[in-house]
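Here is a note for someone opening this structure for the first time. The points below can be read in order, with the model alongside.

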Amino acid sequence: MGENEFARLMDALSARAKEALRHWGLADQAPTLLKFRENAVFQIRLADGEPAALRLHRPGYHDDRTLVSELQWMAALEAGGLRVPAPIPTLDGRQLVTLPASSAFAVQHADIVSWMSGEELGRSGVPLHHSTDRIEVIFGRLGEAMAELHTISDGWTPPASFTRPAWDFDGLLGESPFWGRFWDCRGLTPATAGELGELRSLLGEKLRLVERSGLDYGLIHADLVRENVLLGADGVEFIDFDDAGYGWRMFDIATALLRNRREPCYDLIRDALIAGYRKRRPLSDSTLKTLPLFLLLRSLTYIGWVGARPDMPDAEERLRRYVEEAMELAAPIR
């Protein structure tokens with residue numbers, strides 16, 4: 001994208017954000033763009049001067065019912081004492097607004113959620129800079145907060161209209177997984193595609209056994225990577241519930257651990273997170289034995305994810321790394 005084209009896109013995006021802000025009576029400000037990837041996220045100011053986050057959702061990814069369900073669940077988690085963003089209603093009481101198609105954008109949805117002031121735990125691929133003592137504390141608190149998320153969710157009764165995606169058998173290994181067909185995506189060599197197809201069949205047998213075992217299943221965040229875990233003064237905060245839905249709780253644990261496997265103190269990270277989780281919620285040794293399976297399943301989802309985004313500048317390199325990691329994790333399971 002050229003410099004002039006990029007500048008026009010940023011101008012259009014800013015105008016789109018102001019269009020959304022009119023529904024909250026806040027259009028007389030210049031929103032600050034924080035992130036523009038799957039969604040566009042802006043920092044804005046509420047009428048009382050407090051910061052908040054405006055989200056312009058990626059067109060076509062989630063429908064309005066799914067997005068409202070996300071906001072309802074986040075509100076329930078916040079009411080239960082978890083540090084997560086909560087929806088800020090519009091002037092007429094809506095949690096979500098629909099912006100009509102324009103010359104620059106397709107129809108899309110927008111919402112505003114409360115501001116989380118913590119600092120990112122870290123960035124994927126960048127070594128953690130905290131001391132080992134601090135890392136042990138952080139991941140212990142992360143485990144506790146994750147367990148609280150699961151417990152609050154189990155005690156909450158969703159409305160009849162509630163709908164969210166499922167990281168279940170079909171969502172992970174079915175014909176149309178939630179994040180894409182990892183064994184059949186652009187960029188794979190025929191040999192690698194064949195190997196991943198065989199792996200999918202093997203994992204299908206193992207995951208069917210997990211289904212029948214009654215492993216803990218319910219609402220999960222599903223994306224507790226470093227960027228979505230904030231370190232606040234009062235503990236950890238969770239953001240970005242875009243992919244949250246139903247799934248095995250071990251999938252949540254595996255997601256939080258996967259991108260930390262290369263850390264020199266990975267064993268400490270894993271043990272601290274599990275110990276923290278067990279402070280708040282039961283986690284049996286037999287359940288914990290499924291961690292290698294869920295680490296592998298999680299790694300495979302990233303292959304499907306990047307395969308569906310071939311135009312990313314580093315898509316080829318990411319695909320190579322994701323396949324390499326999956327094969328490494330698959331070796332002891334085969």
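A salt bridge here is a side-chain nitrogen of Lys or Arg within 4 Å of a carboxyl oxygen of Asp or Glu. The model is predicted, so local features need pLDDT of at least 70, side-chain atom pairs count only at pLDDT 80 or more, and totals for chains, interfaces and linings use all residues. Residues are numbered from 1 along each chain as its sequence is written, and side-chain values use heavy atoms, with hydrogens and water left out.

1. **Salt bridges across the chain.** The whole structure holds 30 salt bridges. One of them pairs the side chains of E144 and R280, at 2.9 Å from N to O. E144 sits in helix α3 and R280 in helix α7 (residues 266-280), so this pair ties together parts 136 residues apart in sequence. Helices (H or I, at least four residues) and strands (E, at least two) are DSSP runs, numbered from the N terminus. E144 is buried, at 16% relative accessible area. R280 is partly exposed, at 46%. Buried means under 20% relative accessible area, exposed over 50%, and partly exposed in between (1.4 Å probe, protein chains only).

2. Which residue does R249 meet in a salt bridge? The partner is D216, with 3.0 Å from N to O. D216 is in the loop between α5 (190-213) and β8 (217-220), while R249 is in helix α6, 33 residues apart. R249 is buried, with a relative accessible area of 2%. D216 counts as partly exposed at 27%.

3. The side chains of E325 and R261 form a salt bridge of 3.4 Å, N to O. E325 belongs to helix α10 (residues 315-330), and R261 to the loop between α6 and α7; they are 64 residues apart. Both E325 and R261 are buried. Salt bridges with shared partners join R259, R261, R262, E325 and E328 into one network.

4. **The α3 and α6 packing.** Two packed helices are described by the angle and the distance between their axes. Helix α3 (residues 132-155) and helix α6 (residues 249-258) have axes that come within 11 Å and cross at roughly 155°. Axes are lines fitted to C-alpha atoms, for helices over the stretch in contact, and angles run from 0 to 180 degrees between N-to-C directions. The two helices are therefore roughly antiparallel. Angles over 145 degrees count as roughly antiparallel, under 35 as roughly parallel, 65 to 115 as roughly perpendicular and the rest as oblique.

5. **Who makes that contact?** From α3 come L142, M146, L149, H150, S153 and D154; from α6 come R249, D252, I253 and A256. Contact means heavy atoms within 4.5 Å.

6. **Q108 in a strand.** Q108 is found in strand β5 (residues 108-114). Q108 is buried, with a relative accessible area of 5%. Leaving aside neighbours within four places in sequence, Q108 contacts R16, L56, H57, P59, V97, T98 and L99.

7. **Two positive phi values.** A222 is not a glycine, yet its phi is near 75°. A222 lies in the loop between β8 and β9 (229-232) and counts as buried at 0% relative accessibility. D240, also not a glycine, has a phi of about 60°. D240 is in the loop between β10 (235-238) and β11 (245-248) and is partly exposed, at 22%.
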